[in-house]
Amino acid sequence: MSLPEQTGFNTQIVHADRLGGTEHGAVHQPIHPSVQYGFERVEDLIAVFQGTAKGGFNYARQGTPTTAALEARLNQMEQGRGTIVFSTGMAAICAVFLTLLKAGDHLVASRYVFGNTNSIFGTLRDLGIEVSTVDVTDAAEVAAAVRPNTRMVFVETIANPGTQIPDLEGIGRLCRERGFLYVVDNTVASPYLFRAGSVGAGLVVNSLTKSIGGHGNALGGSVTDTGGFDWSSYPNIFEAYRKGDAKGWGLQQLRKKGLRDMGGTLSSAAAHQIATGAETLALRMDRSSATALALAQFLAGHPAVSRVLYPGLPSHPQHAVAQRLLRAGSWLLSFELKDPADCLPLCNRLRLPLKATGLADTRSLIIPVAHTIFWEAGAQVRASMDIGDSMIRVSVGLEDVQDLLDDFGQALG
Ligand SMILES: *Cc1c(COP(=O)(O)O)cnc(C)c1O
């Protein structure tokens with residue numbers, strides 16, 4: 001079976017599983033719990049080990065039919081060449097850095113990144129990998145940071161919590177000209193709002209825990225090879241993976257060195273939950289983006305609020321980039337108060353959003369940023385990331401928009 005040509009994002013996603021073929025006409029791919037995969041003929045076992053069999057499984061740390069079905073679905077969303085899933089978004093990010101960089105290499109990364117990604121940069125430095133963090137909203141800053149040993153550029157599409165958007169196209173051009181591997185963490189935007197392959201990203205990372213899973217009930221991560229990067233000229237590919245079409249080398253190394261050896265494997269049960277969540281990705285993103293825009297507009301007009309950070313607002317520094325490249329502004333917004341002393345009381349007066357870390361749940365979540373997720377980073381890092389003491393991050397859920405506006409209205413007074 002195949003779908004009619006030219007079907008839309010939603011149609012493709014909800015029909016993806018059955019196109020791969022299912023047993024008994026089951027609508028979902030089954031959850032495969034097996035760790036071992038047995039073979040009648042030892043030659044077939046050997047073929048899986050040596051990679052000469054098409055597909056095939058031997059030990060679940062490297063994947064199961066259930067994780068493979070999720071990989072196929074994500075790859076379809078990203079229109080990639082291949083996708084690997086991991087136990088968490090951080091496992092996916094670590095696999096990229098630790099298997100594709102080595103001591104003596106240089107990474108140029110966004111100054112505006114997820115807190116734990118920023119923490120990993122410290123680990124990379126201890127391992128002898130140089131890391132420069134720059135303001136990626138200007139590609140010239142990335143160009144100025146380049147060294148003879150630069151290998152990779154890493155950015156987030158919509159940064160958390162400040163919602164900065166990199167000069168995605170300009171950095172893509174720079175990476176193409178100089179042969180750098182361009183890695184885009186597309187967690188917040190998701191492939192529905194933005195396809196990073198369209199600006200020249202070689203690898204796209206997603207935390208499946210957020211937009212794609214969408215229900216706050218399963219952790220997961222993924223790396224997609226867009227097919228846009230020339231691995232034949234990348235020096236850090238081991239001899240063992242320089243086999244066959246060079247387009248496949250990077251993902252091969254990531255699956256062996258990153259997934260198999262480091263072991264950050266997604267369970268089949270979590271893969272199934274994420275695959276189910278992914279079916280409504282577009283509906284949820286449309287809905288939460290519309291609500292977030294309404295809330296951002298409301299907050300921007302409120303006298304107690306000093307600043308609102310949301311790409312959908314004309315006041316946002318990268319509003320034009322967002323309008324050109326993103327389908328909508330996403331569920332992520334942050335705001336600051338004229339009176340910083342009201343930050344914690346305001347959080348407590350809000351009745352609908354949960355006071356919780358985490359993102360892209362069906363329920364709205366709020367967190368005071370300086371006191372929690374960027375506490376360990378310290379005042380200097382917060383200042384460099386433009387995080388004020390009263391910043392409140394909101395992950396907008398699927399509640400009825402008027403209920404949220406009413407709640408923020410009563411809490412702000
Ligand atoms: C949450 C997040 C991660 C890490 O994902 P986990 O699944 O929690 O490990 C990475 N990048 C971004 C932008 C995130 O929001």
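This is a predicted model: local features need pLDDT of at least 70, side-chain atom pairs count only at pLDDT 80 or more; totals for chains, interfaces and linings use all residues.
Here are some notes on the model above, point by point.

1. **Before you start.** Residues are numbered from 1 along each chain as its sequence is written, and side-chain values use heavy atoms, with hydrogens and water left out.

2. Have a look at the ligand and the 13 residues around it, of which Gly 89, Asp 185, Ser 207, Thr 209 and Lys 210 come nearest (a residue is near if one of its heavy atoms lies within 4 Å of the molecule). Sorted by class, this shell has 4 nonpolar, 6 polar and 3 charged residues. In that sorting, Ala, Val, Leu, Ile, Met, Phe, Trp, Tyr, Cys and Pro count as nonpolar, Asp, Glu, Lys and Arg as charged, and the others, Gly among them, as polar. Helix 4 (residues 89-100) gives the largest share of the shell, with 3 residues. Helices here are DSSP runs of H or I with at least four residues, strands are runs of E with at least two, and both are numbered from the N terminus.

3. **Which atoms meet the ligand?** Start with the polar contacts (pairs of N or O atoms within 3.5 Å; within protein, one must be able to donate a hydrogen and the other to accept it, and residues adjacent in sequence count only if both atoms are side-chain atoms). Gly 89 uses a backbone N or O atom, 2.8 Å from an oxygen atom of the ligand. Asp 185 has a side-chain N or O atom 2.7 Å from a nitrogen atom of the ligand. Lys 210 places a polar side-chain atom 2.8 Å from an oxygen atom of the ligand. Taken alone, the ligand exposes 380 Å², and the protein buries 92% of that (areas by the Shrake-Rupley method with a 1.4 Å probe; for residues, only the protein chains shown count as cover).

4. **Ser 268, tucked away.** Is Ser 268 buried or exposed? Ser 268 is buried, at a relative accessible area of 7% (buried means under 20%, exposed over 50%, partly exposed in between, with a 1.4 Å probe and protein chains only). You'll find Ser 268 in helix 10 (residues 268-278). Its side chain reaches the backbone oxygen of His 32 at 2.6 Å. Leaving out residues up to four places away in sequence, Ser 268 touches Ile 31, His 32, Thr 64 and Thr 66 (contact means heavy atoms within 4.5 Å).

5. **Salt bridges.** Side chains of opposite charge can pair when their charged atoms come close. The structure holds 14 salt bridges (a side-chain nitrogen of Lys or Arg within 4 Å of a carboxyl oxygen of Asp or Glu). One of them joins Arg 81 and Asp 245 at 3.4 Å, N to O. Arg 81 sits in the loop between helix 3 (65-78) and strand 1 (82-86) and Asp 245 in the loop between strand 7 (221-225) and helix 9 (249-261), so this pair ties together parts 164 residues apart in sequence.

6. Arg 287 is partly exposed at 35%, and Asp 400 is partly exposed at 49%.

7. Most residues other than glycine have a negative phi, and most peptide bonds are trans. Now check Gln 79, which is not a glycine but has a positive phi of about 50°. Gln 79 is in the loop between helix 3 and strand 1 and is exposed, at 54%. Ala 360 has a positive phi of about 60°, but Ala 360 is buried, at 5%. The peptide bond from Asn 160 to Pro 161 is cis, with omega near 10°.

8. **Val 199, to finish.** Val 199 is in the loop between helix 8 (190-193) and strand 6 (203-207) and counts as buried, at 9% relative accessibility. Among the residues it touches are Leu 168, Tyr 182, Phe 194 and Leu 325.
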